[in-house]
Amino acid sequence: MVTAGSDVGNKRNRTGDVERDSENRSSVGRRRFLQAAGAGASVALAGCTGGGDDVVRLGATYILSGFASLYGEAAERGIEMAQSEINDNGGIDGQDVEIIVRDSEASADTAIQQIRSLVEEDDVDGLFGLDSSGVAQAVAPQVAQLQMPFMITHAATPFVTSPEGEHEDSVGNDYVFRDSNSLAQDIYGAARTAGELDATEWATIGPDYAFGYETWDYFQDFCAGLGVEAEFTAEQFPALATSDYTPYISSILDAEPDAVITPLWGADLTTFIGQAEEAGWFDQIDHTLFSVGMGTDLASDGNPLPEGEYASTRYDPFVPDTEANNTFRDAYYEEHDTLPTYNAEGAYRAVYLYKEAIESAGSTEADALVDEFTGMEHSGPVGDYQFSETNQATVASIWGTVSYDDEWESNVLDPVNRYEAGPDELSEALGDSDLPTGI
C-alpha cells in the first residue's frame with residue numbers, strides 16, 4: 001500500500017455541494033451505448049490499460065488526519081490485510097494489487113482533487129473509500145464525470161445510492177456503489193430498537209452537516225412508519241471538531257427527554273461522552289442510542305461507550321458466526337491487538353470486491369467493472385449480500401447493547417440484533433415519507 005498526503009488546505013463546508021454539469025447526466029447514456037456496441041466486452045487482463053506495470057492499481061481516499069483520523073487508520077489496516085492476502089496468493093489474475101491511499105481531510109474539495117489525481121495522474125483501475133456523508137454527496141457526481149467505479153465503504157448518506165432525480169438531494173449514478181449499510185438501513189434499526197424501549201420523548205445531538213440532519217429526519221419518519229409512539233422534543237447540531245459540548249448538553253438535559261439518538265463520531269463522540277458523563281447525562285437520560293458508535297469505540301483511546309446503552313455498527317466481529325468472519329477477526333486481532341471496526345472490514349472487503357469483479361470480467365476496464373458490480377452477489381466477513389438496483393449492498397442493520405467482554409478486553413454488542421434492511425423493509429417502514437430508501 002502506498003499512502004500519500006495532500007498539500008490542499010481543509011476547506012470544510014456543511015453540505016459539500018459542488019456544481020454539476022451535463023457531463024454527469026450523459027455518462028450513464030454513454031455506458032449503455034458502449035454496452036450495446038460491444039465495446040465493453042471482456043478482454044484478457046494482461047491487455048488492459050489501467051494501472052499497467054503488471055499491477056492492478058486501486059485508489060482510496062479516507063480521513064487520515066484531524067478529528068476522525070481513527071477511521072482512516074482502521075481502513076488502512078483493512079486494506080493492508082487484503083492486499084497482503086491477495087498478493088501472497090497469486091494476486092488478481094496473476095498480477096499484484098497496489099493500493100494508493102490519500103487523505104480526504106474530511107473536505108469535499110480535497111476529496112475531489114484527490115480522486116481526480118488518482119484517476120488522471122496515477123491511472124488507477126478503480127476507487128473506493130470515503131468517510132463523510134457530505135463529502136460523498138459532493139464526490140458522487142464527479143465519479144460519474146470521471147466514469148470510474150467508486151465503492152463507498154463508510155459514508156452513509158442514502159442520497160448517494162438514490163438515483164439522481166428521485167429527490168432534490170439525490171446524486172446516485174451507475175458508477176457509485178456502497179458495500180456497507182447506509183444511514184437509512186442503520187436508522188431503520190434504530191427505530192426498531194426505539195420501539196422496544198419505554199421512551200416516548202426523544203431528542204438528538206448530532207454533527208452540523210448532512211449526516212446529523214439526515215439521521216434525525218430518517219429516525220422521525222421511520223418511527224412514524226413503524227408506529228413507534230414518539231414525540232420529538234429537542235435537537236442540537238454542534239459543528240464538527242467541537243471541543244466544548246457543555247451548552248449543547250445542557251440544552252438537551254433542560255428539555256428532559258426520555259431518550260436521545262446521537263450520530264456523533266470520531267473524536268467528537270469521545271469528547272462528548274466524557275463531558276456528558278461529567279454533566280450527569282447518563283443518570284438523567286434513560287436511554288442513549290449511539291448510531292454507529294462502535295466504529296469509534298473500538299478504535300479510540302478516549303472515553304468508551306457506557307455499558308448498558310445502545311449502539312449500532314456496520315459490521316460485528318462475532319456475527320455472523322462464519323469461517324470468513326472468524327478468520328478475519330482473529331487475524332486482525334492478532335496483528336493489531338484490538339477487534340476490527342466496520343471501517344477496517346468495509347475497506348478490506350472493497351479490495352476483494354475489486355478482485356472478484358476484475359477476475360470475472362477478465363478486464364480492468366471501468367465499464368466492465370461497473371457491469372460486474374451491478375447486482376453482484378458477494379460474501380465476506382459481514383456475511384452474504386447482494387447489490388440492489390441502486391448499487392447499495394443489502395446488508396443488515398445491526399444494533400445491540402454495549403457490554404464489556406473480558407476475554408477480548410473490549411466493548412462488544414451483547415445481545416445484538418440484526419434487522420433485515422432490504423428494499424421491501426425500508427420502503428414499507430418509510431410509508432408516506434418523501435425520503436428515499438437509497439436501496
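Analyst: This is a predicted model. Begin with R329 and D330, whose side chains form a salt bridge, 3.1 Å from N to O.

User: What is the general idea behind such a pair?

Analyst: Side chains of opposite charge can pair when their charged atoms come close. In this case R329 is buried, at 9% relative accessible area, while D330 is partly exposed, at 39%.

User: How many salt bridges does the structure hold?

Analyst: It holds seven. One of them joins the side chains of R57 and E98, again 3.1 Å from N to O. R57 belongs to strand β2 and E98 to strand β3, so this pair ties together parts 41 residues apart in sequence.

User: Is R57 buried or exposed?

Analyst: R57 counts as buried because its relative accessibility is 10%, and the cut-off for buried is under 20%. E98, at 23%, counts as partly exposed.

User: Which residue forms a salt bridge with K355?

Analyst: E359 does, with the closest N and O atoms 2.9 Å apart. Both residues lie in helix α12; they are four residues apart, which means a separation of about one helical turn.

User: How do I read the side chains along a strand?

Analyst: In a regular strand they alternate between the two faces of the sheet.

User: How does β12 pair with β13?

Analyst: The two strands pair in the antiparallel sense, over four bridges. A hairpin of two residues joins them, and S379 has D384 as its bridge partner in β13.

Note on methods:
Residues numbered from 1 in each chain as written. Predicted model: local features only at pLDDT ≥ 70, side-chain atom pairs only at ≥ 80, totals over all residues. Heavy atoms only, no water. Pairing = 2+ DSSP bridges. Salt bridge = Lys/Arg side-chain N within 4 Å of Asp/Glu carboxyl O. Buried < 20%, exposed > 50% of the residue type's maximum accessible area, 1.4 Å probe, protein only.
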